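Subject: Structure for your review

Dear colleague,

Please find below the structure that I am handing over to you.

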Amino acid sequence: MNMFYKVKPWGLALGLACMGAAQAAPDVSLEVTHQSSVLGADGIKRSSVFSERVVRQGDTVWIERVMPAGAHQEDDHAKAKVGAAKDHKHADLSAATRWIQRLPDGKLKFRLVAMHDKVVVNVPPAEYATVGFDGAWLAAYHLIDPAVLKTMKASESTSQGQWYESAKNGNKVRVLWDAKREMPLQVVSQGPNGSRSTMVKVLGSVVKNPWDTANKFVQKDYSDFLD
């Protein structure tokens, strides 16, 4: 997934197109966990779960995959260090961190960061779709575009936030919205072929920018991985 996780629960796309500048919201550090259970046309039910660390500060969003112990074998990377001028195609971008900045002119600067390989890959807009980024700043900044709430019905209110609901063609979506931080704390969708959920845990204020370390990494262009 996404940026951040790109939630598309059976007909209702929560990541809408970029629509102007996001309102200034509090800087946050989050742990976002995504779960899904989907029944395929082949009759096999496939389940998945993964977590990301998300840092939102100013006009920068950093989305880093949380790698469980044993998921990334250090010896594999030792065989081909990109920063050491070995095989440049060996950088692991499948779980790369997404580093998104909104520039003063409204344009985005999007980079993939291979943390183990210590490589930053600059991705041009023409290649966004190739790497699974839709270019939607509001969806990155707020986790979902707040405009989608206008298409939903307000439900119960809790100490955490306001619930919103939508039901159409057998598909149900619920969003728990934290108005103070301008982001969802939960997104739960249920459809005929499965379910998906996003759970957000607030870790606290940002103490140190994670991208400070990445500024010291080897810089490459995405085209370097296409030849």
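Predicted model: local features only at pLDDT ≥ 70, side-chain atom pairs only at ≥ 80, totals over all residues.

Residues are numbered from 1 along each chain as its sequence is written, and side-chain values use heavy atoms, with hydrogens and water left out.

Salt bridges

A salt bridge is taken here as a side-chain nitrogen of Lys or Arg within 4 Å of a carboxyl oxygen of Asp or Glu. The count by this rule is 4.

One of these joins Asp-42 to Arg-46, with an N to O distance of 2.7 Å. For accessibility, buried means under 20% relative accessible area, exposed means over 50%, and partly exposed lies in between (1.4 Å probe, protein chains only). Asp-42 is partly exposed at 49%, and Arg-46 is likewise partly exposed at 44%.

Glu-156 and Arg-174 form another salt bridge, at 3.2 Å from N to O. Because Glu-156 belongs to strand 7 (residues 153-157) and Arg-174 to strand 9 (residues 171-178), this pair ties together parts that are 18 residues apart in sequence. Strands (E, at least two residues) and helices (H or I, at least four) are DSSP runs, numbered from the N terminus. Both partners are partly exposed, Glu-156 at 38% and Arg-174 at 27%.

Arg-181 and Asp-178 also meet in a salt bridge, with 2.7 Å between N and O. Here Arg-181 is partly exposed at 29%, while Asp-178 is buried at 5%. Through shared partners, salt bridges link Glu-156, Glu-165 and Arg-174 into one network.

Nonpolar cores

A nonpolar core is a set of buried Ala, Val, Leu, Ile, Met, Phe, Trp, Tyr and Cys residues joined through side-chain atoms within 4.5 Å. The largest has 31 residues, of which Leu-30, Phe-110 and Val-123 touch the most other members. At least two residues of this core come from each of strand 1 (28-39), strand 3 (60-65), strand 5 (108-114), strand 6 (119-123), helix 2 (137-142) and strand 10 (183-191).

Leaving aside residues up to four places away in sequence, Val-123 touches Phe-110, Leu-112, Tyr-128, Val-131 and Tyr-222, where contact means heavy atoms within 4.5 Å. A second, separate core has 9 residues, among them Val-148, Leu-149, Tyr-164 and Val-187.

With kind regards
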